[in-house]
Amino acid sequence: MFVLLPSLAMAQKNAIKVNLPSLAIRNYHVQYERKILPKITLNLGVRIMPKGSLPMQSTLEKYAGLDDPDLELGKFEIGNTAFTLEPRFYLSKKAMKGFYIAPYARYATFDLTLPFKYTYNDPATVPPQSTTKTALFNGKVNSFSGGLMFGTQFNLGKRVVLDIWWLGGHFGSSNGDLRFDVALPTQEERTAVENSIKDFDPSPFKIKYQVGPNGAVIESDGPWAGIRALGVNLGIRF
């Protein structure tokens, strides 16, 4: 009997949850929550999105005005990994049930392939002819941000929990670099790549770039922001 007492005391202090809506856009988001004080828990979230084509590409092209062929969304790829640490302060009588306020910190890495279409007169052809190519820049953008979120957690039976994020947002900074490691043997082609980068408006991010015979590199830095809303997380308490 006395051997069971520690186990009973530890019961119902942990929960593992999965974000259900994020699965529809190739995002696998898992959380581990642990009670540390009567009304306070510590929540660790891990999100992994394998690199691939832009989610809901056809919808963005149709409704967001991104159907410009120069954008070549079909060649744009994105993946990301994020770690979120958040203490949760429950306003109910005990932790892991009811309304909560959660300040949080998040570190995220985004794996990108960014296409730049460029056109130049190819001197290798006689007479020189206009040639169009696509420079695929590959690299990572890292961000660190802090924010605040509001949510509610419900018990669905003895062990099943439903955790809903109502509204949250974060703000911070980011930096990264993207590389195009393909030879650009002629000045005409290098100039065309450079002009294509110049036409790209990454506001509010700032970019620096270099174009040379062995390819090109883009470095970026700037603010970072995001919204967390209507997250539906289903899990098990133990």
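**Close-up views of a predicted model**

**View 1. Q31 and the residues around it.** Leaving aside residues up to four places away in sequence, Q31 touches A15, I16, K17, N43, L44, G45, R88, D163, W165 and N233; a contact here means heavy atoms within 4.5 Å. This is a predicted model, in which local features need pLDDT of at least 70 and side-chain atom pairs count only at pLDDT 80 or more, while totals for chains, interfaces and linings use all residues. Residues are numbered from 1 along each chain as its sequence is written, and side-chain values use heavy atoms, with hydrogens and water left out. Where does Q31 sit, buried or exposed? Q31 is buried, at a relative accessible area of 1% (buried is under 20%, exposed over 50%, partly exposed in between, with a 1.4 Å probe and protein chains only). Its side chain makes a polar contact with the side chain of N233 at 3.0 Å (a pair of N or O atoms within 3.5 Å, one able to donate a hydrogen and the other to accept it; residues adjacent in sequence count only if both atoms are side-chain atoms).

**View 2. Strand β1 and its two partners.** Strand β1 (residues 14–19) runs antiparallel to β2, joined by five bridges, and five bridges also join β1 to strand β10 (residues 231–237), again antiparallel. Strands are DSSP runs of E with at least two residues, helices are runs of H or I with at least four, and both are numbered from the N terminus; two strands pair if DSSP finds at least two bridges between them. Look for K17 opposite Q31 in β2, and for I16 with its bridge partner I236 in β10.

**View 3. D111 and two lysines.** K51 and D111 meet through their side chains in a salt bridge (3.5 Å, N to O). K51 lies in strand β3 (residues 40–53) and D111 in strand β5 (residues 98–122), so this pair ties together parts that are 60 residues apart in sequence. A salt bridge is a side-chain nitrogen of Lys or Arg within 4 Å of a carboxyl oxygen of Asp or Glu. K140 forms a salt bridge with D111 too, the closest N and O atoms being 3.7 Å apart. That pair links K140 in strand β6 (residues 129–156) to D111 in β5, 29 residues apart.

View 4. K198 and E194 form a salt bridge, with 3.9 Å between the closest N and O atoms. Both lie in helix α3 (residues 187–198), four residues apart, about one turn of the helix.
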